[in-house]
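User: Hi! Could you walk me through the side-chain interactions in this one?
Analyst: Happy to, here it is.
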Amino acid sequence: QVQLLESGGGLVQAGDSLRLSCAASGRTFVGYNIGWFRQAPGKEREFVSRINWSATNTYYADSVKGRFTISRSNAMQKVYLQMNSLKPEDTAVYYCAAGPPVNPFKYDYWGQGTQVTVSS
């Protein structure tokens, strides 16, 4: 029963902030990467950010650099995505995903998603 659950989405105005949370259960994700992805209506899912287990490396899509910050709690039981200066273009369902540290990256476990809507 590996499970990832996102929370923290909502309806906000442009310029506001939200913090998304991804809670992991069912197994220990030692060594895993956690990624955040998003999918807007009618569009392909896109990469937003990722963090490795030790939190020594973080990566961001160009579209969110300087605005979003990914972080984790102890043992990566929760991974957060702090989203500042939100734009209407950030409107999407946001998903967290977990995967082993392999090349190329892959994500084996996915959450249900949480809706983020940013009004102008």
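User: Which ring does the charged end of Arg72 sit over?
Analyst: The ring of Trp53, with the charged end 5.7 Å from the ring centre. A charge sits over a ring here if NZ of Lys or CZ of Arg is within 6 Å of the ring centre and within 35 degrees of the ring normal. Keep in mind that this is a predicted model: local features need pLDDT of at least 70, side-chain atom pairs count only at pLDDT 80 or more, and totals for chains, interfaces and linings use all residues. Residues are numbered from 1 along each chain as its sequence is written, and side-chain values use heavy atoms, leaving out hydrogens and water.

User: And what about the charged end of Arg45?
Analyst: The charged end of Arg45 sits over the ring of Trp110, 3.9 Å from the centre of that ring. Trp110 also belongs to one aromatic cluster with Phe37, Phe47 and Tyr107.

User: How many aromatic pairs are there?
Analyst: The count is four aromatic pairs. Rings of Phe, Tyr and Trp (its six-membered ring) pair if their centres lie within 6.5 Å; planes under 30 degrees apart count as stacked, over 60 as edge-to-face and the rest as tilted. One of the pairs is Phe37 with Phe47, which is edge-to-face, at 5.8 Å centre to centre and 75 degrees between the planes.

User: Where do Phe37 and Phe47 sit in the chain?
Analyst: Phe37 is in strand E4 (residues 33–39) and Phe47 in strand E5 (residues 46–51), so the pair links distant parts of the chain, ten residues apart. Strands (E, at least two residues) are DSSP runs, numbered from the N terminus.

User: Is Phe37 buried or exposed?
Analyst: Phe37 is buried, at 10% relative accessibility, while Phe47 is partly exposed at 29%. Buried means under 20% relative accessible area, exposed over 50%, and partly exposed in between (1.4 Å probe, protein chains only).

User: Switching topic: how many salt bridges are there?
Analyst: There are four salt bridges, each being a side-chain nitrogen of Lys or Arg within 4 Å of a carboxyl oxygen of Asp or Glu. Among them, Arg38 meets Glu46 at 2.8 Å, N to O. Arg38 is buried at 5% relative accessible area, whereas Glu46 is partly exposed at 35%. Another joins Arg67 and Asp90, again listed at 2.8 Å, N to O. That pair links distant parts of the chain, 23 residues apart: Arg67 lies in the loop between strands E6 (58–60) and E7 (68–72), and Asp90 in the loop between strands E8 (78–83) and E9 (92–99). Both Arg67 and Asp90 are buried.

User: What are Arg38, Glu46, Arg67 and Asp90 linked in?
Analyst: Those four residues are linked in a network of salt bridges.

User: Which backbone nitrogen does the side chain of Glu6 reach at 2.7 Å?
Analyst: The one of Gly113. The backbone nitrogen of Gln112 also lies 2.9 Å from a polar atom of the Glu6 side chain. Glu6 itself belongs to strand E1 (residues 3–7).

Note on methods: Helices (H or I, at least four residues) and strands (E, at least two) are DSSP runs, numbered from the N terminus. A polar contact is a pair of N or O atoms within 3.5 Å; within protein, one must be able to donate a hydrogen and the other to accept it, and residues adjacent in sequence count only if both atoms are side-chain atoms.
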